[in-house]
Amino acid sequence: MASRTSRHGSAPGALDGSPRRRLPMRLLLPLLVLLALMAMLMLRGYVHSEILADHRVRPEASAAKVPDKILDGGPVIDTRSGRTTSLRVPAHHLVLTFDDGPDPTWTPKVLDVLKKHHAHAVFFVTGTMTSRYPDLVKRMVAEGHEVGLHTFNHPDLSYQSTKRVDWELSQNQLAITGAAGIRTSLFRPPYSSFADAMDDKSWPVTEYIGTRGYITVVNDTDSEDWKKPGVDEIIRRATPHGGKGAIVLMHDSGGDRHQTVRALDTFLPTLQRQGYEFDNLTEALDAPSAHTPVTGLDLWQGKAWIFLVQASDNVTGVLVVALAVIGSLVIGRFVLMLVLSAAHARRVRRRGFSWGPPVTEPVSVLVPAYNEAKCIENTVRSLMASEHPIEILVVDDGSTDGTARVVEAMGLPNVRVVRQLNAGKPAALNRGLANARHDLIVMMDGDTVFEPATVGELVQPFADPRVGAVAGNAKVGNRDSLIGAWQHIEYVMGFNLDRRMYDLLRCMPTIPGAVGAFRRSALERVGGMSDDTLAEDTDITMAMHRDGWRVVYAENARAWTEAPETVQQLWSQRYRWSYGTMQAIWKHRRALVDKGPSGRFGRVGLPLVSLFMVVAPLLAPLIDVFLLYGVIFGPTQKTILAWLGVLAIQVVCAAYAFRLDRERMTHLVSLPLQQILYRQLMYVVLLQSWITALTGGRLRWQKLRRTGVVEAPGGLIPRQPTRAGSGDRRPVG
Amino acid sequence: MTAHGYPTSAAISRGAAGSAGVGGWQPEVAAAPVTAGGGSGRDRYLDLLRSTALVRVVVYHLFGWAWLTVLFPSMGVMFALAGSLMARSLSRPALSVIRGRIRRLLPPLWAFSAVALALMFAGGWNPVKDPDNGGIWGVLKLIDYVIPVGAPPFPWHIGSKSGLLEDTWAVQAAGPLWYLRAYLWFVIASPLLLWAFRRAPWPTLLAPLGLTAIVGTGLVTIPGETGNAVTDFAVYGGCWVLGFAHHDGLLSRIPRYVAVSGSALLMAFGLWWASGHLGPDGWDLNDIPLAQASWSFGFVVILLQYSPSWRELPGRLRRWDKLVTLSNNRAVTIYLWHNMLIMATVPIIDQVYNLPFMQSDRAVGALDSTYMIWMFLLVWPLIGLTILALGWIEDIAAKRSPRLWPNGVRRGGSRRKA
């Protein structure tokens, strides 16, 4: 533990040395990424009418205040600059109008039919649909049709403030400009019908819209095609009587419009034979075009808007795929864990199971200690109760609190104290190894307590000569606090599910520093402990695999450790672990192309470990981003149900792990909160490790670590009560 | 405010040791003797909670933001603090404790009632002819202004809409009085509740939640004022008994992970219930009894579970020390008067429209759109004035010598505000 302590000291030293500058910078990037993701999601939700949509429709009101000439007048209402006039379409002219589009399926078909019969029409497009399908609007304009505003997301304007009305118009206009490079002066209010349907609620809006420079266009005949009444009925309703001119209302969006398309295909040639002309509105009225080209800044604003919406749609698409991937990864991993850990438990708990003849040879227990004066006595006493013959070697790694003296003062036989200048945990372990008399080596932390049977259980697998190292079962002692309970759940799942799975897959990534055993010959073959990485336990375990040794899990070798009690301690512990794991994976990357056992580990174990520990957690924030979005912007109920479903899977897995370990289930009550508060902390830590790794932090880290080691004995860094066994890093909660 | 005035201050502001405060509002002096210079035995964490609760109540009544009831369930917190103090006092004979509590509660209420009734009568209210609760009964109920065994009657509309005050000012002013009724009943019921709690802690703790599920959900409806009283008693009874649990140390004996996780689940239930039973103001928990009860209960468990027992406010909080002390010493006054003072800001701000430079449309528009902010800024000086004018009644009621501005600063110091 010594060096973990000193390193440990150095880790926060490096991080906290300038806490006001460095830490926020590292947090800033993940935060910005999350914010950008959220913004993209919101933009998408906004143009998909999931946000800010208003589906209220006002019931009819009295029409006392609407001028009679409007009620009796034509469908083209001009209230610009104080006017109150309305126009009709001349006889034998029909202006087809299509509302609510463009629609990716039906609008192209409508356009095709119009083109086939050389007809022009007017499309009243919404801002949301225009933003999503800008090419269609471009095509409309190019083919001689006119486009008009139909608001941004189709609310009943009589409910909206003038601010919102302005915004609906300008945002709609912005989208059209971005799509087709023009501005239009035509407007049709949502939920509108005939001029005589104007009432006291909608007329003021119409007047107001006139002051903004728009001509309001309602209609003469309503095909009611949205009711899908059949082709004949659509034609009957759309056709005006006695050769009169008319504005015809149709829809190219909002559902299945094949009846509309088929009706058009009949309607157009039939009426053209009767002498009707199908023009767009200004052609029919013989007026200048409603379109004005836009240039300069306005055009670029429009284009930028369209670009952003397209980007958000694409990004969201990618996110959804990523979410599906992460979802299947999470669930696949759980299934794999459940199946394999059940298989493992069945195997090692089978009656008469043994690794071979009982291992009774004496064992050297190495206890590296750095400033563990408070805990070391408990640790050593717990070892004295060991049922297995042992010698105890306490390696004091330059403690400043008299750790070595505490042990010596106990005056116990077969306990030796070796002192060294502070050099780190790997060095302390190597020194202990050099001084150890026996061939089986158990390593533990200075703040860990063993049960009497732990050492014996831990070394039994060495009866199998292929086994080079054994991982024990580390348990959290202080599990009554919230953060302790969360780690308890994490440890029990990590040891009983992950480790059993890794055991069977032969790619156990870590022997926990708190409780692990090694064959001396195996250690010597791989060159002992190394200080290349921050996680020497992961490093050595991978080296063992590459050397062809089996690394197994001994469930009954229990060691009790104290878990970090504050978020800060937990943070620096996990940062060390996750960054150390990355370093170790990187260090052993060549296993990927090796031959023999090393290659097997490199091609099976290493990718698995990387996937579960380093890659998958990186995608985990997506779950929360979508959760947050879903809860706020809906569908709230479905989102929460989905989340509860995932939670239920977790509970099942955790309960199974608890049962395997014969733990009381009461701690599972804190699992829901763990999913809301703890998991996020873990992936922020991982993200931070990624950033350190990607920004070349590896070199800088090494340098800082050295200074940290020098500083730590000076007492700059408060002693951390805990450096529990590592390894149970569960990537995705 | 600087921090340097603090260490000696606390001892003075709470002079008369041993007098029981009106729980929930007025913290009482701890059993431990006041040590010189080291602050009193007051738990400043609880004081801070009480001040926060008060500020939240004022802000909520001013802006009406429903989400504030979720952010900080003030009433639950106040009742829990009161319950804790009550449990402590009840080591003495119950009757004298109850008498002491009532004695401290009533005089400030009488001052408020006198002003409120005078205004209502002046506004033309005749309780005998009130359309909602007229007749002899209406007159009899006026006694609630003296001893709040029930919520007092008030006219729903008084004056005219174009008058200085809105015509609903009486509703607003008398609205907070329900708290006094609930408090009074809790005090009277406390000896029994405490007896039950010490015999069967868990059933007593959870019974109010169960009762809320019955009377607060429409399952059983008790009509009229009695119904309101029973519902309030049920909704906040859990918090009151939690105060007992905090005082008796039961809360600290439960492992923290159990308490926090359990509370979180209960609170999640509360939110879920609220989502399906939204009231006229949406997520305003005051309109959703079961949600209020469970959310407040869980919230209070977490607050009291982490109760760190500060002897003085730590770090940056220390700058609020004087305000915390003042608001704790004048909690009854602030609570009683705040709503009427909020109403009083309106006619004052309306005067601004008459100013010469306020005649343009833009100026009027600017004032219109920032009106609430001005109310918010104005209500605090008004509360300060009320404390100066009427706060001393709290001291008299507590048999203490009256103080003008008890913010904990040594008397005669230059910091006194007037």
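Predicted model: local features only at pLDDT ≥ 70, side-chain atom pairs only at ≥ 80, totals over all residues.
Residues are numbered from 1 along each chain as its sequence is written, and chains are lettered from A and ligands numbered from 1 in the order in which they are written.

The axes of helix H20 (residues 567-587) of chain A and H23(A) come within 9 Å and cross at roughly 50°; axes are lines fitted to C-alpha atoms, for helices over the stretch in contact, with angles from 0 to 180 degrees between N-to-C directions. Helices (H or I, at least four residues) and strands (E, at least two) are DSSP runs, numbered from the N terminus. Among the residues of H20(A) that meet H23(A) are A:Trp571, A:Arg574 and A:Tyr575, where contact requires C-beta atoms, placed from the backbone, within 7 Å. This contact of H20(A) with H23(A) comprises 10 nonpolar, four polar and one charged residue; Ala, Val, Leu, Ile, Met, Phe, Trp, Tyr, Cys and Pro count as nonpolar, Asp, Glu, Lys and Arg as charged, and the others, Gly among them, as polar.

H17(A) and helix H22 (residues 636-660) of chain A have axes that come within 9 Å and cross at roughly 75°, which makes H17(A) roughly perpendicular to H22(A). The residues of H17(A) in this contact include A:Ile489 and A:Asn496, and those of H22(A) include A:Phe658. By class, nine residues of the contact of H17(A) with H22(A) are nonpolar, one is polar and none is charged.

Chain A also holds an open sheet of eight strands with mixed pairing, in the order S15-S14-S13-S16-S19-S18-S20-S17. Strand S15 (415-420) and strand S17 (449-450) stand at the edges with a single partner strand each, so one side of each has no neighbour in the sheet. S17(A) pairs with strand S20 (residues 550-561) in the antiparallel sense over two bridges, pairing being defined by at least two DSSP bridges. In that pair, A:Val449 stands opposite A:Trp560.

The contact between the chains takes 10 residues from chain A and nine residues from chain B. On the side of chain A, helix H17 (482-505) and helix H23 (671-694) are the elements that give two or more residues.

Methods
Contact = placed C-beta atoms within 7 Å. Parallel < 35°, antiparallel > 145°, perpendicular 65-115°, else oblique.
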